[in-house]
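User: I would like to go through this structure and ask what stands behind the terms used for it.

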Amino acid sequence: MTKIKKDIRALSLSELKEEFILMGEKNFRGQQVYEWLWKKSAHSFEAMSNLSKELREKLNDNFVINAVIVDEKQISDDKTIKNSLKLFDGNIVEGVLIPTETRMTACVSVQVGCSLTCRFCATGKLERLRNLNADEIYDEVVLIKEQADKYYQKPLTNIVFMGMGEPLLNYNNVIDAIEKITGEDGLNMASDRITVSTAGIAKMIRKLGDDEVKFNLALSLHAANDEKRNRIMPINESNSLQELGEALAYYYSKTKNKVTFEYIVFKDINDTIKDAEELFQFSKYVPSKINLIEYNSTGDGEFQNTSGNKLHRFKDYLEEKGLTATIRRSRGRDIDAACGQLANKKHPEAKMQ
Ligand code: SAH
C-alpha cells in the first residue's frame, strides 16, 4: 500500500517544527525547510542543498510539495502573458502577467471555475470545482514574478486578485497566501500593492474589516441599482446594495482604506446619466475611487461596450460630483487574457455548466 504523504506547505512554521521533532530531527531544521518552501520557493526536497541527503530522502518519503506548473503560456501583442497553470490534481487555472510602463502586475486566480454566474463573465460560465490552497495561490505569484524577471527584467510591483473565482469565498486561503506574499519569510511585498476584488459578499467584507487587513479592496459594482444588479450579478439577490454599502462603511471604519468600485459600462444597460447618479449616491457609503472598465467580449453577443461618447459623459458626470473616476483599458484581449475572459478555452475538460 502506498503511504499517504502530507502536503508540507499546508503546515504552519510551528507545525513543521513539531513534525521535525517527531522525526527525531532538530527544531532548527524545521525553520530551514520553511525558508526553502516559502522564501526560496523550492519545489523539490532535492533542491534544499543545506540538508543532508538522508534528511532530504526522509522528507521525500513523508511529504509532498504540491507545486503549480506552467502548462502553457501565450504572449499578447501588448506583452501581456497568459498562463495556463496546472495544479497537482490536473486542474487548470489561469494567471496573467500585465506589464505597463510603470508596473508589472500579476493577476491571480483563487478558485478552479467560479460559483457566481455573473452574466458578463466567461469564468462565470464554468462550474466551480474547488478552491485553491494558499500554497497554490503563492505559487501563481512566484511563477508570474519569475516571468517578469525573465521576459522583462523587471520586479513584480503589484498583485490583483482578479483572475478566476471569488476571493471572499476562499477567504482563509487568500488571507494565508497574502500573509506569505507580504511576510519577511515569504516574498516581502508591500500590502498596499495588493488588491483583492470581490463581486460583493457583505458578511466577508465585514470580516476583512474585523481582520483589519492592509491590502486594497475593490468591489465589482457594475450597477448601483438592485434591480439592474440582480439581473447581471445574481449574487446581488442575497447581498443587496444596502447590505454591501453598510458592510463597506464598516470595513472602512476599521481599516481606513479607500475602496475601489469597478464598473463595466455596458451599452444600453448601465450607461446613462441616471446610472451615474445612482453610482454617485452609492459612493456616499464609503471613501472611494471609481474604475470605469471597458467590456471585454466573451463571445456570447449578449453584452456590448458603450460608445466612447457615453463613457466620457459618464466619467465627466462623476468628476463634476467630486469623485475620482478613471477609465481602465484592458490588456491582453487578443489572447483572451483580459478581465472576464479567463475560461480555460484551450482546456475543454474544464466543464461548462
Ligand atoms: N470574483 C472577483 C474577481 C474576478 S473578476 C470579482 O468579481 O471581483 C475581476 C474583474 O473583472 C471584476 O471587476 C469583474 O467584474 C470584471 N469582469 C468580469 N467579466 C468582464 C468582462 N467580460 N469585461 C470586463 N471586465 C469583466
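User: What makes the area between domain 1 and domain 2 a buried area?

Analyst: Buried area is the accessible area (1.4 Å probe) that two parts lose on being put together, summed over both. Domain 1 and domain 2 lose about 890 Å² in this way, with 52% of it on carbon and sulfur atoms. On the side of domain 1, Arg9, Trp38 and Lys39 supply 56% of the area buried against domain 2. This is a predicted model, where local features need pLDDT of at least 70 and side-chain atom pairs count only at pLDDT 80 or more, while totals for chains, interfaces and linings use all residues. Residues are numbered from 1 along each chain as its sequence is written, and side-chain values use heavy atoms, leaving out hydrogens and water.

User: Where do domain 1 and domain 2 lie in the chain?

Analyst: Domain 1 spans 7-64 and domain 2 spans 69-352; the bounds come from an automatic or database domain assignment.

User: Why is the pair of arginine 9 and aspartate 135 called a salt bridge?

Analyst: The term needs a side-chain nitrogen of Lys or Arg within 4 Å of a carboxyl oxygen of Asp or Glu. In arginine 9 and aspartate 135 the closest N and O atoms are 3.5 Å apart, so the pair meets the definition. The rule finds 2 salt bridges across the interface of domain 1 and domain 2.
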